Amino acid sequence: MYSEKVMDHFANPRNVGEIEDANAVGQVGNAKCGDIMKMYMKIEDDIVKDVKFKTFGCGAAIATSSMATELVKGKTIDEALALTNRAVMEALDGLPPQKVHCSVLAEEAIAAAIQNYYDRLGIDKKVAKHCDGHCESCSCH
């Protein structure tokens, strides 16, 4: 059902925890499935210098959080915002259809953290991404 990469990121998640002096924090959740993701970022000179997460949810939610942090660490803000749930799934060698929403949450959590960063700096930019309920992988629609 799950790829080796998903199982590895679930059993040995990378970048778990909080960043005490984070300047970007975003939390998203899916009330239908109960998954909640919180991303912490330390952004300096437009670069995601550090990123950590705390996720309450299933193994796929933990794995997608872990992989997403790996994919944005060291990237520019624009590169981090360009990360899609598809890219997260591909990096994990796929997810079962009913778990696609977990990768969407990871994409949304990154966007929410960066939105928080802009808000803290008083930068008038809207970057939030939200599930449109059209992937049919959960009960959002």
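Trainee: How many helices and strands does the chain have?

Mentor: Helices (H or I, at least four residues) and strands (E, at least two) are DSSP runs, numbered from the N terminus. Here the secondary structure comes to five helices and three strands. Along the sequence, the pattern reads α-β-β-β-α-α-α-α. Two notes on reading. This is a predicted model, in which local features need pLDDT of at least 70 and side-chain atom pairs count only at pLDDT 80 or more, while totals for chains, interfaces and linings use all residues. Residues are numbered from 1 along each chain as its sequence is written, and side-chain values use heavy atoms, with hydrogens and water left out.

Trainee: Which way do E1 and E2 run, parallel or antiparallel?

Mentor: Start with the rule: two strands pair if DSSP finds at least two bridges between them. E1 and E2 run antiparallel, joined by seven bridges. Gly 26 stands opposite Met 39 in E2. E2 and E3 also pair in the antiparallel sense, over nine bridges. There, Met 37 has Thr 55 of E3 as its bridge partner.

Trainee: What lies between E2 and E3?

Mentor: The two strands form a hairpin with two residues between them. Asp 45 sits in that loop. Its phi is positive, about 50°, although Asp 45 is not a glycine. Asp 93 has a positive phi too, near 60°. Look for Asp 93 in the loop between H4 and H5.

Trainee: Is Asp 45 buried or exposed?

Mentor: Asp 45 counts as exposed because its relative accessibility is 73%. Accessible areas come from the Shrake-Rupley method with a 1.4 Å probe; for residues, only the protein chains shown count as cover. The chain exposes about 7,100 Å², with carbon and sulfur atoms supplying 49% of it.

Trainee: How many residues of H2 are buried?

Mentor: The count is 11 of 14, so H2 is largely enclosed by the rest of the structure. Among them are Ala 60, Ile 62, Met 67 and Val 72. The buried residues of H2 pack against helix H1 (4–11), E2, E3, H3, H4 and H5. Just after H2, Gly 74 takes a positive phi of about 85°.

Trainee: What span should H2 have?

Mentor: The expected span of a helix is 1.5 Å times one less than its number of residues. For H2 that gives 20 Å, and the end C-alpha atoms are 20 Å apart, which agrees.

Trainee: Which residues does Thr 69 touch?

Mentor: Contact means heavy atoms within 4.5 Å. Thr 69 lies in helix H2. Thr 69 counts as buried because its relative accessibility is 0%. Not counting residues up to four places away in sequence, Thr 69 touches Arg 14, Asn 15, Met 39, Val 51, Lys 52 and Phe 53. Lys 52 is 17 residues away along the chain, yet the C-alpha atoms of Thr 69 and Lys 52 are separated by 6.6 Å. Across the chain, residues 24 or more positions apart account for 59% of the contacts with a separation of 6 or more.

Trainee: How many residues has the largest nonpolar core?

Mentor: A nonpolar core is a set of buried Ala, Val, Leu, Ile, Met, Phe, Trp, Tyr and Cys residues joined through side-chain atoms within 4.5 Å. The largest one here has 38 residues. Met 39, Met 41, Ile 110 and Ile 114 have the most contacts inside it. The largest share of this core, 11 residues, comes from H5. Leaving aside neighbours within four places in sequence, Ile 110 is in contact with Met 39, Met 41, Ala 68, Val 72, Ala 80 and Leu 83.

Trainee: How many disulfides are there?

Mentor: A disulfide is a covalent bond between the sulfur atoms of two cysteines. The test is a pair of cysteine sulfur atoms within 2.5 Å. By this rule the count is zero. Cys 58 is in no disulfide; its nearest cysteine sulfur, that of Cys 102, is 3.7 Å away. Cys 102 is buried, with a relative accessible area of 0%.

Technical notes. Buried means under 20% relative accessible area, exposed over 50%, partly exposed in between (1.4 Å probe, protein chains only).
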